[in-house]
Amino acid sequence: MAKTYDPNNVFARILRGEIPCKKVMETEHALAFHDINPQAPTHILVIPKGAYVDMDDFSARATEAEIAGLVRAVGEVARGAGAAEPGYRILSNCGEDANQEVPHLHIHVFAGRRLGPMITKG
């Protein structure tokens, strides 16, 4: 079933310049900026410039250039933040069960401290 993209979601509005962000980097295919509610000392969001709801939508419809551009942007952001060593975590929630809050694909880059287990048992 096709997912509906909301062109008025907060990340679409950031991409259009309607809402400011603390930009980390921008490429042809991606924008990276600091999360407004950081969950770690380093918490940067990397989003594709295309209208993709989540990773499932992106992996099914994005071009090879968009996919490569987003993945390379995540790596560049992590290296630029000095997180490649000692390490960082990337996370992208996909859908309701994963608690995705904004219907625009976004990848969290967390670093700056030991991050603990990935998820809690439950």
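**Entry 1: strands E1 and E2.** I looked up Glu26 and found that this residue stands opposite Leu31 in strand E2; I note at once that the model is a predicted one. Three bridges join E1 to E2, and the two strands run antiparallel.

**Entry 2: helix H3.** I turned next to the helix itself, which covers residues 64-80, and I read that its 17 residues reach 24 Å from the first C-alpha to the last, close to the 24 Å expected at 1.5 Å a residue. Which residues of H3 are buried? I listed Glu66, Gly69, Leu70, Ala73, Val74, Gly75, Val77 and Ala78. As a reminder to myself, an α-helix has 3.6 residues a turn, so residues three or four places apart point the same way. The buried residues of H3 pack against the strands E1 (23-26), E2 (30-34), E3 (42-48), E4 (89-91) and E5 (107-111), and also against helix H2 (55-61). After H3 comes Gly82, with a positive phi near 75°.

**Entry 3: Ala78.** Leaving aside neighbours within four places in sequence, I found Ala78 in contact with Ala83, Ala84, Tyr88 and Val109. The C-alpha atoms of Ala78 and Phe58, which are 20 residues apart along the chain, are separated by 21 Å.

**Entry 4: aromatic pairs.** How many aromatic pairs does the structure hold? I counted two. Phe11 and Phe33 form an edge-to-face pair, at 5.7 Å centre to centre and with 65° between the planes. Phe11 lies in helix H1 (residues 10-15) and Phe33 in strand E2, so this pair ties together parts that are 22 residues apart in sequence. Both Phe11 and Phe33 are buried. The rings of Tyr52 and Phe58 have centres 5.1 Å apart and planes at 85°, so this pair is edge-to-face, and I noted that Tyr52 and Phe58 are both buried.

Notes:
Residues numbered from 1 in each chain as written. Predicted model: local features only at pLDDT ≥ 70, side-chain atom pairs only at ≥ 80, totals over all residues. Heavy atoms only, no water. Helix = DSSP H or I, 4+ residues; strand = E, 2+ residues; numbered from the N terminus. Expected span 1.5 Å × (residues − 1). Buried < 20%, exposed > 50% of the residue type's maximum accessible area, 1.4 Å probe, protein only. Contact = heavy atoms within 4.5 Å. Pairing = 2+ DSSP bridges. Phe/Tyr/Trp six-rings, centres within 6.5 Å; stacked < 30°, edge-to-face > 60°.
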